[in-house]
Structures are given as structure tokens and as C-alpha cells.
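Okay, thanks for coming, everyone. Let me put the model up on the screen, and then I'll walk you through a few spots in it.

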Amino acid sequence: MSPQHSLWMSDVFFGATLALFSVLLYANTFSGGYVWDDRAAIITNKDVLQERPLMDLFVHDFWGQDITSDLSHKSYRPITVLSFRINHLLHGLHAEGCHVVNVVIYTVTVLMAFKLGLVFMSNRSARVAAMLFCFHPIHVEAVASLVGRADSLCAIFFIGAILL
């Protein structure tokens, strides 16, 4: 086995371990319910509840208001709203499904952060940075709070753009 193949297998194993840590770290959120912001963003948002045509979510804010309205907060996150809509399609208004998806999205973010580290750092430094990223407490709100999904999705697109 070549040293290059061995290093690649080692990175795959580390990535799998990192993914396991990401899931285990936030598995306690699976049984969580909805909290304050979730009511407006998910439970009463007609774009999420599929009470409006799909294309309407591209002209509404995060809370389901017309983006041009004076009542709108002007927070435009159509990809996040679309992800909630898909969650609703698959799980209805059961918060557990949303929490599982948040953890999956976070796990992808952590793995992408590791990949980014491998591009710009030594292997050892990339591993340390990925572990720090995975376990850093600043991510708790982005993963445990359903509306925090927007932060993890933003990170996926940001890191993905850099990797491309």
C-alpha cells in the first residue's frame, strides 16, 4: 500500500470519526421541540406548510411575509425555508425530523471544514482545526435551534465556494 493511499484511508477514517462525534454531540437535540422563533419561521409560515406555491418562497422573507412589505424583517433565506418545506413534506410538523436534519447539515459542515483545512494546512493542523470546529460551543445555537439551520447552510455554501 502506497503512503498516499494510507494517508487517504487515514483521512477517511478521521472524517468518519469526526462525523460520529458531530452526531453524538447533538443527538440530545433530536427529542427537542419548537421554541420561540420556530413558531413564525416554521409552524405558521405558509411557505413551509405548503399552503402557497413553491415559487412564493422566493418573494417572501424568512418568516413568510412579502419581502416588499413594510412589515417584513427583510431577512431573505429561501434555501433555509425550502429545507423546512421539505422537512414538512416528509415529517409534517414533528420537530424531531427538523432536529435530525439540523444535525446532518452540521455534520456535513464539519466534514467540509476538515476538507478545507486539508487544502490549506498540514494534515495534523487540519485535524486539530476540524476537531475545534466540531466541538466549539458557538455552534450550539446553529444546531439546537431549528431556525439556526440558516447558519449551517450558509457555512456549507461558503466553504463550498472556497473549495470550488
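Predicted model: local features only at pLDDT ≥ 70, side-chain atom pairs only at ≥ 80, totals over all residues.

Residues are numbered from 1 along each chain as its sequence is written, and side-chain values use heavy atoms, with hydrogens and water left out.

Two packed helices are described by the angle between their axes and the distance between the axes. The helices here are DSSP runs of H or I, at least four residues, numbered from the N terminus. Axes are lines fitted to C-alpha atoms over the stretch in contact, with angles from 0 to 180 degrees between N-to-C directions.

So, take α4, residues 95-120, and α5, residues 123-135: their axes come within 8 Å and cross at roughly 155°. That makes α4 and α5 roughly antiparallel, the label for angles over 145 degrees. Who makes the contact, meaning heavy atoms within 4.5 Å? On α4 the list includes Tyr106, Val110 and Phe114, and on α5 it includes Ala126, Arg127 and Phe133.

Now α4 against α7, residues 149-163: here the axes come within 9 Å and cross at roughly 25°. So α4 and α7 run roughly parallel, which is the term for angles under 35 degrees. The contact of α4 with α7 has 16 nonpolar residues, four polar and two charged.

On to the loop. Aspartate 47 sits between α2 (36-43) and α3 (78-91). Is aspartate 47 buried or exposed? Buried, at a relative accessible area of 0%; the cut-offs are under 20% for buried, over 50% for exposed, and partly exposed in between, with a 1.4 Å probe and protein chains only. Leaving out residues up to four places away in sequence, aspartate 47 touches several others, including Arg52, His60 and Arg85.

That loop between α2 and α3 also holds glutamine 50. Glutamine 50 has a positive phi of about 65° although it isn't a glycine, and glutamine 50 is partly exposed at 32%.

Terms used: Helix = DSSP H or I, 4+ residues; strand = E, 2+ residues; numbered from the N terminus. Parallel < 35°, antiparallel > 145°, perpendicular 65-115°, else oblique. Contact = heavy atoms within 4.5 Å. Nonpolar A, V, L, I, M, F, W, Y, C, P; charged D, E, K, R; others polar.
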